[in-house]
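Reader: I would like to learn how to read a fold and its surface, one feature at a time. Could you take me through an example slowly?

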Amino acid sequence: MQTHIIDGASIARELREALARRVAALARIDVRPGVSVIRVGDDPASKIYVRNKIRACAEAGIYSENVELPATAVESTLLERIRILNHDPRIHGVLVQLPLPPGISAERVLEAVAPTKDVDGFHPSNMGLLAAGRPRFVPCTPLGVMKMLEHEGIDAEGQHAVVVGRSNIVGKPMALLLVQEGATVTICNSRTRDLGEMTRQADILVVAAGKPRLVTGGMVKPGATVIDVGINRLPDGKLAGDVDFQAMIGTASRITPVPGGVGPMTIAMLLENTVAAAEAAAGRKA
């Protein structure tokens with residue numbers, strides 16, 4: 001079987017071109033989408049993620065602010081900064097880069113972001129709307145995966161989708177989105193007994209467990225679509241996904257690479273949510 005490699009970077013470029021037209025339409029009514037990215041501490045990976053987000057915003061014509069707080073910052077300082085941004089009319093999206101330093105509650109911090117500016121889609125009210133089938137903002141990575149499936153002409157209705165990973169950021173919202181598209185969904189995690197028995201049932205397999213090459217050859221049925229959300233730094237410095245990419249060639253019908261698969265789509269969906277927030281704010285003012 002020939003395995004098609006899904007080019008997430010190319011799909012993301014197409015989506016960003018469409019976003020540019022929406023940004024231009026907002027500019028005609030004197031609205032420029034704006035987002036503030038807050039980073040606390042000096043986590044090396046967070047620095048890279050924030051830099052990529054800021055650069056993508058600039059390329060899309062979105063105003064961005066990079067708020068950096070030291071690792072010694074107390075929670076009240078961070079909450080006050082979020083409160084100010086919640087009331088700043090220039091800012092349509094507020095996102096807090098995770099992880100946060102010890103001593104700061106991610107739960108309290110994410111709940112402090114105004115739901116209408118929660119472009120990460122992590123606020124409990126936005127998660128609830130997603131569960132109810134009335135999403136306002138969908139977490140960026142699961143939304144990006146759904147856009148990829150749509151682009152590839154993969155209809156989830158009636159298919160068995162297996163999601164490996166149970167986080168609020170990817171696993172749970174991913175399962176909800178697939179359910180809403182009519183898929184039969186099984187949620188697993190890295191501790192699932194006989195994980196391979198589960199993954200071999202998948203027509204659509206989404207792996208987001210944070211374990212390098214967790215899914216190996218023989219754990220995927222022929223013809224499955226495999227979406228690898230993981231990105232892991234190996235001891236030799238190379239990047240690897242949660243799926244053994246080479247072992248899938250010739251078995252999977254489609255697979256996303258790491259890097260160049262889901263990652264670019266996540267950033268594109270952050271831009272999508274920010275533009276949508278600006279459009280909604282402009283509508284409320286009209």
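Predicted model: local features only at pLDDT ≥ 70, side-chain atom pairs only at ≥ 80, totals over all residues.

Reader: In which order do the six strands form the open sheet, and is the pairing parallel or antiparallel?

Author: Strands of a sheet pair through backbone hydrogen bonds, either parallel or antiparallel. Here six strands form an open sheet with parallel pairing, in the order β1-β11-β8-β7-β5-β6, and the edge strands, each pairing on one side only, are β1 (4–5) and β6. Strands are DSSP runs of E with at least two residues and helices are runs of H or I with at least four, numbered from the N terminus, and two strands pair if DSSP finds at least two bridges between them.

Reader: How many bridges join β7 to β8, and how many join β5 to β7?

Author: Four bridges join β7 to the parallel strand β8, and four bridges also join β5 to β7, where Val 162 has Leu 205 as its bridge partner. Strands β8 (residues 225–228) and β11 (residues 254–255) pair in the parallel sense over two bridges, and Val 226 has Ile 255 in β11 as its partner.

Reader: Which residues of strand β7 are buried on its two faces?

Author: Burial is read from relative accessible area: buried means under 20%, exposed over 50%, and partly exposed in between, with a 1.4 Å probe and protein chains only. In strand β7 (residues 204–207) both faces are covered, with Ile 204 and Val 206 buried on one side and Leu 205 and Val 207 buried on the other.

Reader: How many salt bridges does the structure hold, and with which residue does Glu 59 form one?

Author: Side chains of opposite charge can pair when their charged atoms come close. A salt bridge is counted when a side-chain nitrogen of Lys or Arg lies within 4 Å of a carboxyl oxygen of Asp or Glu, and the structure holds eleven of them. In one, Glu 59 pairs with Arg 16, the closest N and O atoms being 2.6 Å apart; Glu 59 lies in helix α2 (residues 44–60) and Arg 16 in helix α1 (residues 8–27), so the pair ties together parts that are 43 residues apart in sequence. Glu 59 counts as exposed because its relative accessibility is 58%, whereas Arg 16, at 24%, is partly exposed.

Reader: Which residues form the nonpolar patch on the surface?

Author: Patches are made of residues with over 30% relative accessible area and no salt bridge, like charges being joined within 9 Å and nonpolar side chains (Val, Leu, Ile, Met, Phe, Trp, Tyr) within 5 Å. The nonpolar patch consists of Ile 48, Tyr 49, Ile 231 and Leu 239, with about 320 Å² of accessible area together, as found by the Shrake-Rupley method with a 1.4 Å probe, where for residues only the protein chains shown count as cover. Leu 239 belongs to strand β10 (residues 239–240) and is partly exposed, with a relative accessible area of 31%.

Definitions and conventions. Residues numbered from 1 in each chain as written. Heavy atoms only, no water.
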